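Here is the note you asked for on this model.

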Amino acid sequence: YGLNLSAIQIHYLPSDEEYVYSPYVITSLLGDCIVLTPAMARYMRSKIILLPSRANMAQRQILLYDRYNDKTRRMRYGDDVFEHLHNVFQPLNYTIVRFFGNETFERTVSMFSSSKLVLGAHGAGLVNMLFMHTNTTVVEVRPENYAVLVHEQLGTMIGLNYHVFLCGKGRAGGPIPVNPFQIVDFVKDILLKMGHG
């Protein structure tokens with residue numbers, strides 16, 4: 001993520017009962033674990049707002065995270081989703097950007113914090129919602145047989161408008177089945193209801 005690891009103090013957790021109150025935590029999780037406590041989320045947000053690459057406020061920007069570089073668990077028809085987002089929202093003065101997951105840390109912070117809405121495939125990259133502003137919107141795209149709610153609980157905990165688009169059944173290894181027209185209509189309905197049409 002572009003971090004200078006030599007300048008960061010690293011702590012190892014001797015047991016899973018201890019928390020490190022740091023803006024960055026590198027850990028492995030079981031899919032059904034909720035490890036981030038409300039106190040930890042508040043602390044992380046208090047540090048995140050100080051990051052120089054974080055935008056002061058969200059713009060009329062929609063960010064697509066379709067796991068493009070993931071050959072197995074990517075959002076099916078991601079190119080079509082991106083094109084359809086352009087066709088529908090550019091006339092409404094929205095900027096459409098795509099997050100690939102290989103951006104620098106600074107660019108990642110900037111992209112997510114500048115977005116009024118993030119449309120993202122279920123996956124670890126959605127944790128970047130931590131950089132978003134309160135009352136902005138996340139739409140998580142996940143198959144209906146995925147029971148992992150960690151992103152939804154995180155988004156709600158930090159004050160985001162969180163929505164889930166269920167898109168049929170998917171295998172654990174993907175891809176995530178998506179109809180580009182249905183998902184873009186879903187996003188449009190959310191923005192209209194919020195008065196952001």
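1. Start at the N-terminal end of helix 5, which is capped by N179: a side-chain oxygen of N179 lies 2.9 Å from the backbone nitrogen of F181. Please keep in mind that this is a predicted model.

2. Helix 5 covers residues 180-193, and its length is consistent with its residue count. At 1.5 Å a residue, its 14 residues should span 20 Å, and the end C-alpha atoms are 20 Å apart, which agrees. After helix 5 comes G195, which has a positive phi, near 80°.

3. Which residues of helix 5 are buried? They are P180, I183, V184, V187, I190 and L191. These residues cover an arc of only 120° around the axis, so they sit on the same side of helix 5. The face turned away from that buried side carries F181 and K193, which are exposed.

4. The cover over the buried residues of helix 5 comes from several elements, including strand 1, helix 2, strand 3, strand 4 and strand 5. For helix 2 (residues 78-89), look at H84, which lies in that helix. H84 is in contact with P180, F181 and V184, leaving aside its neighbours within four places in sequence. Is H84 buried or exposed? Its relative accessibility is 15%, and because the cut-off for buried is under 20%, H84 counts as buried.

5. The strands form an open sheet of five, in the order 2-1-3-4-5, with parallel pairing. Strand 2 (95-98) and strand 5 are at the edges and have a single partner strand each, so one side of each has no neighbour in the sheet. From one strand to the next the twist averages 20°.

6. Helix 3 (residues 105-113) packs on it and touches strand 1, strand 2 and strand 3, with its direction at about 110° to that of strand 3. Helix 4 (residues 150-157) also packs on the sheet, touching strand 4 and strand 5, and its direction makes about 160° with that of strand 5.

7. Seven of its seven residues are buried, so strand 3 is largely enclosed by the rest of the structure. Strand 3 pairs with strand 1 (residues 59-65) in the parallel sense over five bridges. With strand 4 (residues 137-142), strand 3 again pairs in the parallel sense, over five bridges.

8. L63 stands opposite V118 in strand 3, and V118 in turn stands opposite V138 in strand 4. A further pair is G120, which stands opposite E140 in strand 4. When you inspect side chains here, recall that in a regular strand they alternate between the two faces of the sheet.

9. Last, a loop residue. Where is N56 placed? N56 is in the loop between helix 1 (38-48) and strand 1. Its relative accessibility is 77%, and because exposed means over 50%, N56 counts as exposed. N56 and S110 are 54 residues apart along the chain, and their C-alpha atoms are separated by 9.7 Å.

Conventions
Residues are numbered from 1 along each chain as its sequence is written. This is a predicted model: local features need pLDDT of at least 70, side-chain atom pairs count only at pLDDT 80 or more; totals for chains, interfaces and linings use all residues. Side-chain values use heavy atoms; hydrogens and water are left out. Helices (H or I, at least four residues) and strands (E, at least two) are DSSP runs, numbered from the N terminus. Buried means under 20% relative accessible area, exposed over 50%, partly exposed in between (1.4 Å probe, protein chains only). Contact means heavy atoms within 4.5 Å. Two strands pair if DSSP finds at least two bridges between them. The expected span of a helix is 1.5 Å times one less than its number of residues. The arc is that of the directions from the helix axis to the C-beta atoms. A polar contact is a pair of N or O atoms within 3.5 Å; within protein, one must be able to donate a hydrogen and the other to accept it, and residues adjacent in sequence count only if both atoms are side-chain atoms. Axes are lines fitted to C-alpha atoms, for helices over the stretch in contact, and angles run from 0 to 180 degrees between N-to-C directions.
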